[in-house]
Amino acid sequence: MKMIRGGAVHKMGGTRQMKTGVWRTFKPVINRDTCNNCKICFMLCPDGIVYWEKGKDVEIDYFYCKGCGICAVECPKDAIEMVREEE
Amino acid sequence: MNRMFLSGSEAATEGVKLSRVQVISAYPISPNVNVIGTLSEMVNDGELDAEFVNVEGEHSAASVIAGASAAGSRAFTASCGQGIAFMHEMLWMASGMALPIVIAVTSRGIGIPQTLACDFSDIASERDASILHFYTETAQEVVDSIIMAYKVSEHPDVLLPSFVCLEGYRLTHTYEPVDVPTQEAVDEFLPPYQPKHAFLDPKYPIMQGTGTVEFFSHFKYAQHEALIRAKSVLKDTFKEFGQKFGRNYDLVESYRVDDADMVLVVLGTMAGVIREVVDEYREKGVKLGMLKIRIFRPFPDEEIRQALKGVGKVLVVERFNSPGSHGVTYTELRSALYREKPLVSAMVITSAELYHEDVRKIVDMGLDRNDEFEEWYIEDIPDKVLQAGGWDNYQAICQGKEVEREDVKDVKSYIAPGTSACQGCAPLLALRHIADAMGDDAVCVYATGCMQTVTSGFPLVGWNMASAHFCFTNVASAGSGVKAAFKQKGSDTKVLVLGGDGALADIGFQPLSGAVERGHAITSVCYDNEAYMNTGVQRSSTTSYQARTKTTPGGKQEFRKDISRIMEAHGIYVATALPCFPGDLVKKIEKANSIKGPAFVHVLCPCPTGWEFDPSISIQLSRLAFETGSWVLYEYENGERTISRLPKERKPVEEYLKLQGRFSKLTDEHLAVIQKEVDERFESLTSGASTKP
């Protein structure tokens with residue numbers, strides 16, 4: 001029987017494949033006029049799924065975003081709105 | 001008699017209630033949670049007059065009921081898997097002391113791998129502990145077996161503990177109509193427990209639990225004899241039960257065995273499916289039969305011989321294999337049938353779910369073959385699952401090749417996205433900051449709990465850091481072993497020991513204290529969500545006063561155990577933190593890592609599921625914990641306390657509590673008591689302490 005004895009997994013971060021975005025009922029939408037890219041949404045997102053390229057705007061990774069709404073509540077500029085997902 | 005629609009778990013609780021159990025101990029381990037949760041409600045509602053004791057581990061769960069039984073009371077607990085393993089010593093102690101406790105084993109496999117699948121390894125591993133084994137197939141059998149177990153266990157000719165096994169999920173979580181006996185009828189059948197051999201009465205002092213070398217074998221003989229006598233006590237009890245309640249049981253149950261060419265032998269719920277396949281084959285003219293073993297200890301060898309007389313082929317459908325030898329049922333059955341010499345084969349299914357199609361395959365193999373065989377009902381792990389688990393990497397290092405670890409190159413965090421944590425999970429937020437603060441020369445050892453469950457399912461794991469999950473009970477001791485290994489090799493690799501409040505303040509507290517006392521330079525972090533959340537919200541020692549959980553339906557009566565203060569008493573660096581101040585948390589982790597000795601960081605993490613609030617305010621709640629003084633942010637080192645941050649104006653604790661559904665039944669009186677406690681603790685921590693500049 002082929003297996004790594006003890007069940008050790010030799011590949012890290014496999015959960016990257018899991019599209020937890022399907023859990024959402026509401027999705028966070030950033031108002032670019034109000035957002036100042038302070039990155040508090042990233043600091044306080046439990047899953048840490050806010051990304052940005054150097055010098056560019058923050059982006060929410062909707063593949064993973066579970067729609068918990070913490071970013072919307074915590075944004076100091078109220079720049080995030082939780083919008084109901086379409087069916 | 002009342003006809004009720006019950007799950008196996010609920011049936012067990014009906015049995016416990018009708019048996020008028022006096023002391024119940026409770027420790028959550030899925031899937032026993034509905035048994036202990038329902039019993040907790042029954043006691044809280046006054047339906048059952050029993051002492052309900054929430055303990056800090058299964059070792060204590062068994063000890064509490066052994067103590068109660070030694071004091072002359074009827075006692076009960078439910079456990080399974082590694083919980084049974086953790087109470088191993090107590091089981092031998094209890095049977096040695098002749099204490100007739102009854103334990104419902106909501107059977108699940110003993111980890112590692114951590115599992116919820118049932119393969120009877122928990123109960124079968126205790127088969128030599130002089131305990132009676134009842135295996136049940138239906139919820140009906142569960143309620144009946146609990147009642148009968150007390151009657152048999154407490155019989156003067158027996159005086160041994162009993163296990164009543166109901167399979168995890170298959171039986172605990174499925175529903176069926178059950179005839180529940182009336183209390184009057186059970187009272188007539190099962191009198192109160194009035195031991196003559198073991199009790200604790202100051203007016204008639206006796207001494208229990210003696211030691212002996214020369215007479216040790218006599219005690220063992222007495223236990224063995226008691227189990228042998230238990231067979232006739234069981235038969236008498238079954239007969240009496242049948243007369244009184246109309247359901248006839250026996251040590252084994254034969255189904256269409258009389259003229260069978262082949263008989264399948266089984267324990268537990270599988271009998272349900274197998275019985276139907278037997279009928280199916282009989283329709284086709286194939287003479288199939290089934291023998292269900294209901295009582296496994298004492299082993300019913302004579303009854304098996306009688307039932308299988310003249311049968312040519314016996315096929316054991318085996319759940320529990322003894323590695324390096326043969327299946328447990330198979331070995332004992334084969335030994336019982338030695339003289340009759342039928343062909344006895346085994347199909348080892350371990351924890352597999354058997355559907356009709358599976359049983360047909362097994363039957364067909366048995367019918368086809370004319371040799372004695374032992375096969376495993378198992379398929380290879382699919383290649384894509386192996387690959388996902390890093391099979392390629394493993395093969396490469398086995399062959400001495402250099403491995404390009406694409407999976408860890410360019411990762412943004414040591415905790416990968418896509419883990420199955422709840423929406424708004426504050427422990428996950430804390431974890432990703434903590435893990436990332438560990439730096440690139442660190443490993444993490446973590447305990448069973450929420451953060452373990454959501455990140456360590458095979459083969460897709462949520463870690464990008466070298467890490468290991470051992471048990472619930474031992475994260476600190478396993479972590480100190482890891483550190484010792486690094487130390488011996490002269491490596492400075494940091495070790496993060498991560499556990500929840502359950503793992504570090506309760507079941508794993510002794511190892512934490514030991515590891516810290518020994519001075520290993522490990523950073524222990526407790527993510528405290530104030531309950532056993534992973535198993536469905538049962539109270540822990542750090543659950544807040546008056547909080548509602550599944551095992552404190554009327555609100556917790558005790559205040560939080562102040563685990564930080566206890567760790568301070570060990571003379572080490574202790575810091576408290578909150579997920580709303582990630583910068584502060586990271587600094588404290590870095591400080592803890594820089595210390596040449598043990599360090600303990602305690603993070604309060606709100607849990608939307610367990611505390612009952614909208615996930616979006618998870619961080620806001622932790623901020624309110626700070627602003628109300630319910631959680632004080634500080635560092636303690638060398639006898640000095642430094643407050644990290646103080647709220648400008650302390651808010652009333654009600655602002656923090658009113659947002660949490662678990663406090664919805666708080667009275668003004670409770671609130672006043674809580675406010676007083678918060679005020680006193682805040683005062684005692686902050687007065688005389690220096691404040692960070």
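A cavity here is a set of points on a 1 Å grid over the protein atoms alone where a 1.4 Å probe fits but cannot get out, and lining residues have an atom within 4 Å of a point. The model is predicted, with pLDDT of at least 70 required for local features and 80 or more for side-chain atom pairs, whereas totals for chains, interfaces and linings use all residues. Residues are numbered from 1 along each chain as written, chains are lettered from A and ligands numbered from 1 in written order, and side-chain values use heavy atoms without hydrogens or water.

**Cavities**

- The structure contains 7 cavities of 30 Å³ or more, a volume being the space filled by probe spheres on grid points joined across faces, edges and corners.
- H26(B) makes the greatest contribution to the lining of the largest cavity, with 4 residues; helices (H or I, at least four residues) and strands (E, at least two) are DSSP runs numbered from the N terminus.
- The lining of the largest cavity includes 10 nonpolar, 2 polar and 4 charged residues. Nonpolar denotes Ala, Val, Leu, Ile, Met, Phe, Trp, Tyr, Cys and Pro, charged denotes Asp, Glu, Lys and Arg, and the others, Gly among them, are polar.
- The second largest cavity holds about 160 Å³. It is lined by 19 residues, with A:Cys45, A:Ile49, A:Cys65, A:Cys68 and A:Cys71 closest to its centre.
- In chain A, helix H1 (40-44) and helix H2 (70-74) each provide at least two lining residues of the second largest cavity. By class, this lining has 13 nonpolar, 4 polar and 2 charged residues.

**Helix packing in chain B**

- Helix H18 (residues 475-488) and helix H20 (residues 509-518) of chain B pack at about 35°, and their axes are 7 Å apart.
- B:Ala476, B:Ser477 and B:Ser480 of H18(B) are in contact (heavy atoms within 4.5 Å) with B:Pro511, B:Leu512, B:Ala515 and B:Arg518 of H20(B). The residues of this contact comprise 4 nonpolar, 2 polar and 1 charged.

**Interface of chains A and B**

- The contact between the chains involves 35 residues of chain A and 52 residues of chain B.
- About 3500 Å² is buried between chain A and chain B, 63% of it on carbon and sulfur atoms; buried area is the accessible area (1.4 Å probe) that two parts lose on being put together, summed over both.
- A:Lys2, A:His10 and A:Met12 account for 18% of the area chain A buries against chain B, more than any other three residues.

**Salt bridges**

- The whole structure has 51 salt bridges over all chains, each a side-chain nitrogen of Lys or Arg within 4 Å of a carboxyl oxygen of Asp or Glu.
- Across the interface of chain A and chain B there are 2 salt bridges. A:Glu74 pairs with B:Arg623 in a salt bridge whose closest N and O atoms are 2.5 Å apart.
- Within chain B, B:Arg74 and B:Glu154 form a salt bridge at 2.7 Å, N to O. This pair connects distant parts of the chain, 80 residues apart: B:Glu154 belongs to helix H7 (residues 139-154), and B:Arg74 to the loop between helix H3 (58-70) and strand S4 (75-79).

**Backbone features**

- The peptide bond between B:Ser30 and B:Pro31 is cis, with omega about 0°. B:Pro31 sits in the loop between strand S2 (23-26) and helix H2 (33-44) of chain B.
- B:Arg297 and B:Pro298 are likewise joined by a cis peptide bond, with omega about 0°.
- B:Ser130, a residue other than glycine, has a positive phi near 60°.

Definitions and conventions
On a 1 Å grid over the protein atoms alone, a cavity is a set of points where a 1.4 Å probe fits but cannot get out, and a pocket is an open set with protein on both sides within 12 Å along at least five of seven lines; lining residues have an atom within 4 Å of a point. Axes are lines fitted to C-alpha atoms, for helices over the stretch in contact, and angles run from 0 to 180 degrees between N-to-C directions.
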